[in-house]
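Please look through the sequence and the model shown here before turning to the briefing that follows.

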Amino acid sequence: MASEEPKAKKAKLSEEEKTESPTKEAPAKLSPNSLFGMGNPLLDISAVVDKDFLDKYTLKPNDQILAEDKHKALFEELVKKFKVEYHAGGATQNSIKIAQWMIQDPHNVGTFFGCIGKDKFGEILKQKAKEAHINAQYYEQEEEPTGTCAACITGDNRSLVANLAAANCYKKDKHLDLEENWELVEKAKVYYIAGFFLTVSLESILKVAKHASENNKLFCLNLSAPFICQFFKDNLMQVMPYVDVLFGNETEAAAFAKEQDFETKDIKEIAKKAQALPKVNTKRQRIVVLTQGKDDTVMALSDKIETFPVLKIDPKDIVDTNGAGDAFVGGFLSELVQEKALDQCVKAAHYAANVIIRRAGCTFPDKPDFN
């Protein structure tokens with residue numbers, strides 16, 4: 001690996017090496033709307049609860065589930081009964097938020113599209129997105145309430161209950177196709193969508209992915225969950241030819257490899273085979289980035305496999321690993337949109353994930369301590 005290190009340092013995602021002037025110019029100034037995300041916006045509602053509350057809704061202390069009918073009243077009760085904190089959430093929105101936090105200035109580098117309800121939780125979500133300095137342009141409808149994710153905290157445990165509701169109602173013709181919204185899409189140079197959105201609006205993803213490919217911009221996708229690789233395989237494989245950067249963790253990678261008949265459980269081999277899948281824009285080689293918790297992050301690019309050690313952390317400093325994957329991607333995107341070298345993108349990704357797992361929920365201090 002050591003001998004390949006200098007090459008990794010230089011690896012850029014543009015089709016031609018950047019020539020550096022003798023005066024060492026500052027990196028290109030970022031403009032608003034350079035980074036675009038589209039996904040399922042959820043209002044995260046977290047509170048410290050008691051065992052009785054968990055028992056009432058048959059929740060395990062440490063779990064992640066989708067809300068069923070029996071959980072309908074949980075969200076209102078949580079707000080009425082306990083001291084709650086609100087945050088703009090959902091996988092893609094989290095990553096855009098983290099990228100913006102890493103970048104700091106200018107504000108609104110990140111744009112986010114998704115569907116919410118015209119209700120109290122929707123208003124709070126708009127406010128929280130604004131506080132995170134992202135340009136959230138939501139499609140607002142009245143049939144379904146705003147999606148929510150309750151984080152019920154007991155001691156060191158968090159029981160997550162997600163109610164997608166309005167997030168499932170995104171419509172390409174009602175929002176993405178509108179001229180003023182599509183203009184925001186065109187302004188971006190890097191696009192990121194979590195695999196969860198494959199269950200909502202495949203046609204919206206394909207429209208954005210094709211735009212990126214035709215204009216030689218970067219389109220990034222996350223495998224997001226084993227069930228996406230299994231039950232939404234057809235949707236996933238319709239988008240894959242447009243994917244320039246593919247993210248995933250070890251369990252998602254294993255599920256993807258099984259569904260694709262890769263006949264290997266070796267993470268480096270999986271990365272290589274995913275990297276070699278057919279691709280529309282041949283000007284760019286696909287990059288595959290797979291995380292493995294505390295073990296090395298694996299990156300496949302052209303004929304090389306790079307590995308990057310994760311930042312060490314004392315297990316007692318880990319508060320909550322739930323947002324780690326979203327934070328990793330957010331850190332990576334913050335450098336990618338600034339056209340930094342790939343090893344710098346991974347370094348930022350590891351830094352962001354390391355910050356997030358020390359805190360409850362996908363939250364962060366005022367400023368990053370990263371350079």
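G331 lies in helix α13, where helices (H or I, at least four residues) and strands (E, at least two) are DSSP runs numbered from the N terminus. The model is a predicted one, in which local features need pLDDT of at least 70 and side-chain atom pairs count only at pLDDT 80 or more, whereas totals for chains, interfaces and linings use all residues. Residues are numbered from 1 along each chain as its sequence is written, and side-chain values use heavy atoms, with hydrogens and water left out.

- Leaving aside neighbours within four places in sequence, G331 is in contact (heavy atoms within 4.5 Å) with I98, M102, C345, A348, A349 and A352.
- From G331 to A88 the C-alpha to C-alpha distance is 17 Å, and the two are 243 residues apart in sequence.
- Helix α13 covers residues 324–336 and reaches 18 Å from its first C-alpha to its last, close to the 18 Å expected for its 13 residues at 1.5 Å a residue, where the expected span is 1.5 Å times one less than the number of residues.
- The helix is mostly covered, with twelve of the 13 residues of α13 buried, and these include A324, F328, F332 and L336.
- An α-helix has 3.6 residues a turn, so residues three or four places apart point the same way.

- T92 is part of helix α4 and, at 2% relative accessibility, counts as buried.
- Not counting residues up to four places away in sequence, T92 touches G37, M38, G39, F112, Y192, I193 and A194.
- F197 sits in the loop between β9 (190–194) and α8 (202–214), and F197 is buried, with a relative accessible area of 1%.
- Although F197 and T92 are 105 residues apart in sequence, their C-alpha atoms are 8.9 Å apart in space.
- The residues that F197 touches, not counting those up to four places away in sequence, are M38, G39, N40, Y170, S204 and I205.

- In helix α3 (residues 74–81), the buried residues are L74, F75, E77, L78 and V79.
- Those buried residues of α3 pack against β2 (42–48), α2 (51–56), β4 (85–89), α5 (120–131), β7 (148–154) and β8 (157–163).
- In helix α11 (residues 250–259), E252, A253, A255, F256 and A257 are buried.
- The cover over the buried residues of α11 includes β10, α9, α10 (233–239), β11 (245–249), α12 (267–275) and β12 (287–292).

**Backbone geometry**

- Most residues other than glycine have a negative phi, and most peptide bonds are trans.
- The peptide bond from D105 to P106 is cis, with omega near -5 degrees, and P106 is found in the loop between α4 (91–103) and β5 (110–117).
- Q104, placed in the loop between α4 and β5, has a positive phi near 65 degrees without being a glycine, and Q104 counts as partly exposed at 24% relative accessibility.
- S224, in the loop between β10 (218–222) and α9 (226–231), has a positive phi of about 70 degrees although it is not a glycine, and S224 is buried, with a relative accessible area of 12%.

**The protein as a whole**

- The protein contains 14 helices and 14 strands, and its C-alpha trace spans about 60 × 50 × 45 Å along the principal axes.
- Of the 371 residues, 56% count as buried.
- Among the contacts with a separation of 6 or more, 74% are accounted for by residues 24 or more positions apart.
- The accessible surface comes to about 17400 Å², of which 50% belongs to carbon and sulfur atoms, the areas coming from the Shrake-Rupley method with a 1.4 Å probe and, for residues, with only the protein chains shown counting as cover.

Notes: Buried means under 20% relative accessible area, exposed over 50%, partly exposed in between (1.4 Å probe, protein chains only).
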